[in-house]
Amino acid sequence: MGPVRGSRRRKRADKSAAAAAGVQGSGDWWVDFSARIAGHLSIPEEPINFESIFKVSRKTFDYICSLVRDELMAKVSHLAFSDGKILSVEDQVAVALRRLNSGESLLNIGVSFGINHSTVSQVTWRFVEAMEERGIQHLKWPNCHEIEISKYKFHTLWGLPNCCGAIDTTHIMMCLPSVDTSSKVWIDHERKHSMILQAIIDPDMRFRDIVTGWPGSMNEPPVLCSSGFFKMCEKGTRLNGEKVKLGNGVEVREYIIGDSGFPLLPWLITPYQGKDLSNAEIEFNKIHFAARGVAQRALARLKDTWRIIQGEMWRPDKHRLPRIILVCCLLHNIVIDIENEVRDEMPLLQEHDTSYKQQFCDTTDNEGIILRDKLAEYLSG
C-alpha cells in the first residue's frame, strides 16, 4: 500500500515543530538559561561554566531548588525577564545565588541576566526568606554521633583530646551612609563600618553555631557572653559530654578552642600569652594555632565565596544583613554536606580579617588554666 497523501508534508512539519521546540525549551533548565544569559555576560568570549557562575555544583544547585521550591511557589509571582517570561524556581535561585556569590550591584546582575534591577532585589530577598525557613537544619549543634566524629578528628589531626570545635570572629564590612546618625556605633577599632560574625566551626569547616548582628565596635568577650552558646555552657547544658582519661588519672572535659581575643574559660581554651614560655607551653601554642586554623579557613572561604557579605559594592540594611549572613553560612554548610569531593579541591584560604590586628583578653578562669596545663603536659609527653 502506498503512502497516504500528505504524509511527507506532515513529517516535515513535525520536524520543524520539534526544532522549534528545541529552541524554545530543551527540557534542561541550564541549557535554556545559559542560552538566555550568554549575550548579557561581561565575558561572553569565555564558555559559560555552571560552577564559575554559581559557585556550587549542579547537584548542589538542584538540592537548593528542592529546599526552597514549595516556599517560592507558595507566593504568587509576577517576576519576569525583560522579554516577559516568568521566572521559574530555578531562575530565581540562579539570580539569588549569583547576587550572593558575586557581590555585584543589583544593576549589574540585572544586566547580566536580562532582568530589571528591582526584580533582582525581590528575588534575592524571597530566596533569603525561603532559605531561613527551609535550610536552617544545615546549621545546628552536632548530635551525639556527630560530636564524637568531631572529637575524633581534632584528636587525630592535631592531637587535641575531647575538643569539640574552634571559635573565631570576623568583621562583615558595611557601607553606611554618613547621614546615618547611628553609624558611629558600627565603627570598629580599624575605623571601618562593620558587623561582627562569631562562629563555632567543626573540623570539616562546617558552621555549628553563629552569632551576628552586633556592631563591629564590640570586642570578642561581650559578643561571646551575649550568645546562647555561652549561657548553655555556663549552665552545663552544652559541652557536657563524658570526660576523657589521658593517663595517670588525669581527665579532660569537652571544650572548644579560640584565639587570645577570647577569655580562658573551663570550656574555652586559649593559647598561652607572654614571652617567657616553657617548651611545653610553646608546643601547645603551635598545636593550638594549627587546630584553630580550621575556623580561620572556614571564615575566609565564606567571605571569598559569598562576596555579598564583603559589603563593598552595596549599602546593606543593618537589620537585614544578619539574615543574609545566616543564609550565606547555610549555603557554605550545604556545599560541604553535598559535595565533599569538590570542597577538598578548593584552595584553603587562611586569612579572613587581613587588615585587623589581634585583640587580647586577660580574663582567665582557674579551671581553664588547669585544663590548659593538663593539655600542654599531655601534648608534650
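**Exercise 1. Decide whether M205 is buried or exposed, and locate it in the chain.**

Solution. M205 has a relative accessible area of 5% and is therefore buried; the term buried means under 20% relative accessible area, exposed over 50%, and partly exposed in between, with a 1.4 Å probe and protein chains only. The place of M205 is the loop between strand 2 and strand 3 (207-215). Helices (H or I, at least four residues) and strands (E, at least two) are DSSP runs, numbered from the N terminus. Finally, M205 is not a glycine, yet its phi is positive, at about 70 degrees.

The model is predicted: local features need pLDDT of at least 70, side-chain atom pairs count only at pLDDT 80 or more, and totals for chains, interfaces and linings use all residues. Residues are numbered from 1 along each chain as its sequence is written, and side-chain values use heavy atoms, with hydrogens and water left out.

**Exercise 2. Determine whether R191 is buried or exposed, and describe its backbone.**

Solution. Begin with the surface: R191 has a relative accessible area of 67%, so it is exposed. Next, R191 is found in the loop between strand 1 and strand 2. Its phi is positive, about 65 degrees, although R191 is not a glycine.

**Exercise 3. Examine helix 5 and helix 11: what are their spans, and where does helix 11 bend?**

Solution. 

Step 1. Helix 5 (residues 89-102) has 14 residues and spans 20 Å from its first C-alpha to its last, close to the expected 20 Å. The expected span is 1.5 Å times one less than the number of residues.

Step 2. Helix 5 is largely enclosed by the rest of the structure, because 14 of its 14 residues are buried. Just after helix 5 comes G103, with a positive phi of about 70 degrees.

Step 3. Helix 11 (residues 279-305) has 27 residues; its span of 39 Å is close to the 39 Å expected.

**Exercise 4. Identify the residues of the largest nonpolar core that touch the most other members, and trace the contacts of F54 and L331.**

Solution. 

Step 1. The largest nonpolar core has 87 residues, of which F54, V93, L97, F127 and F207 touch the most other members. Helix 12 gives the most to this core, with 13 residues. Such a core is a set of buried Ala, Val, Leu, Ile, Met, Phe, Trp, Tyr and Cys residues joined through side-chain atoms within 4.5 Å.

Step 2. Not counting residues up to four places away in sequence, F54 touches W29, W30, F33, A94, L97, R98, N101, F113 and W306; contact means heavy atoms within 4.5 Å. A second, separate core of 15 residues includes W141, F229, F230 and C233.

Step 3. L331 lies in helix 12 (residues 321-338) and, at 1% relative accessibility, counts as buried. Beyond four places in sequence, L331 touches I64, L97, L100, F127, M131 and W306. Between L331 and L100 there are 231 residues in sequence, but 10.0 Å in space, C-alpha to C-alpha.

**Exercise 5. State how many helices and strands the chain has, and what share of its residues is buried.**

Solution. The chain has 14 helices and 7 strands. Of its 381 residues, 50% count as buried. Among contacts with a separation of 6 or more, 69% join residues 24 or more positions apart.
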